[in-house]
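Subject: Structure handover

Hello,

Here is the structure I promised to pass on. Please open it alongside this note. My findings follow below.

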Amino acid sequence: SDRVLGNASPCSFLFLPQPYLIGCVLLFGSSGLQALATSTFFPNLASLDVAGNEIDDAGIEALAASTFFPNLTSLNFNDNGIGFSGLQALAASSFFPNLTSLDV
């Protein structure tokens, strides 16, 4: 499903110089991030903040394999359950050429 953001989420979609998703609450934690990773709705997304969403390595690995976010400059996964394999997938990914900020 393309509906992965919670209805009660304080998530903000902002069009500053680039689009940002800030403070999002994903439905179903990692499976929500996996669904977002396959979504084509945010091709110009510059910043993704999904801190505190119970995201584990499976969610991070799905995002790291996604080709739909080439303009990301900032990722915030703070306060999640990310382990070594998730971090390794992010480090090995070539799909975020503009990434300058990573908060885990």
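At what angle do α1 and α2 pack, and how far apart are their axes? The angle is about 5°, and the axes lie 8 Å apart. That makes α1 roughly parallel to α2, because angles under 35 degrees count as roughly parallel. On the α1 side, the contact is made by Ser30, Leu33, Gln34 and Ala37. On the α2 side, Ala58, Gly59, Ile60, Ala62 and Leu63 take part. By class, the contact of α1 with α2 holds six nonpolar residues, three polar ones and no charged ones.

Please keep in mind that this is a predicted model.

**Overall layout**

The protein chain has three helices and five strands. Along the sequence they follow the pattern β-β-α-β-α-β-α-β. The chain has 104 residues, and 40% of them count as buried. Take the contacts between residues at least 6 apart in sequence: 74% of these join residues at least 24 apart.

**Helix α1**

α1 spans residues 30-37. Six of its eight residues are buried, so α1 is largely enclosed by the rest of the structure. The buried ones are Ser30, Gly32, Leu33, Ala35, Leu36 and Ala37. They pack against β3 and α2.

**α2 with α3**

α2 also packs with α3, the helix of residues 84-92. Here the angle is about 10°, and the axes are 8 Å apart. α2 and α3 are therefore roughly parallel to each other. From α2, the residues in contact are Asp57, Ile60, Glu61 and Ala64. They meet Phe84, Ser85, Gly86, Ala89 and Leu90 in α3. This contact of α2 with α3 divides into five nonpolar, two polar and two charged residues. Note that Ile60 of α2 is listed in the contact with α1 and also in the contact with α3.

**The nonpolar core**

Which residues touch the most other members of the largest nonpolar core? They are Leu33, Leu48, Leu63, Phe69 and Phe77, in a core of 18 residues. The elements that give two or more residues to this core are α1 and α2.

Phe69 deserves a look on screen. Leaving out residues up to four places away in sequence, Phe69 touches Leu36, Ala37, Ser39, Phe42, Leu45, Leu63, Phe95 and Phe96.

**Two single residues**

Start with asparagine 53. It is found in the loop between β3 (47-49) and α2 (57-64). Is asparagine 53 buried or exposed? Its relative accessibility is 6%, so asparagine 53 counts as buried; the cut-off for buried is under 20%. A polar atom of the asparagine 53 side chain lies 3.2 Å from the backbone oxygen of alanine 51.

Next is serine 74, which lies in strand β4 (residues 74-76). Serine 74 and leucine 48 are 26 residues apart along the chain, yet their C-alpha atoms are separated by 6.3 Å. Apart from residues up to four places away in sequence, serine 74 touches Ala46, Ser47, Leu48, Leu99 and Ser101. Leu48 is also one of the core residues named above.

Best wishes

Terms used. Residues are numbered from 1 along each chain as its sequence is written. This is a predicted model: local features need pLDDT of at least 70, side-chain atom pairs count only at pLDDT 80 or more; totals for chains, interfaces and linings use all residues. Side-chain values use heavy atoms; hydrogens and water are left out. Helices (H or I, at least four residues) and strands (E, at least two) are DSSP runs, numbered from the N terminus. Buried means under 20% relative accessible area, exposed over 50%, partly exposed in between (1.4 Å probe, protein chains only). A polar contact is a pair of N or O atoms within 3.5 Å; within protein, one must be able to donate a hydrogen and the other to accept it, and residues adjacent in sequence count only if both atoms are side-chain atoms. Axes are lines fitted to C-alpha atoms, for helices over the stretch in contact, and angles run from 0 to 180 degrees between N-to-C directions. Angles under 35 degrees count as roughly parallel, over 145 as roughly antiparallel, 65 to 115 as roughly perpendicular and the rest as oblique. Contact means heavy atoms within 4.5 Å. Ala, Val, Leu, Ile, Met, Phe, Trp, Tyr, Cys and Pro count as nonpolar, Asp, Glu, Lys and Arg as charged, and the others, Gly among them, as polar. A nonpolar core is a set of buried Ala, Val, Leu, Ile, Met, Phe, Trp, Tyr and Cys residues joined through side-chain atoms within 4.5 Å.
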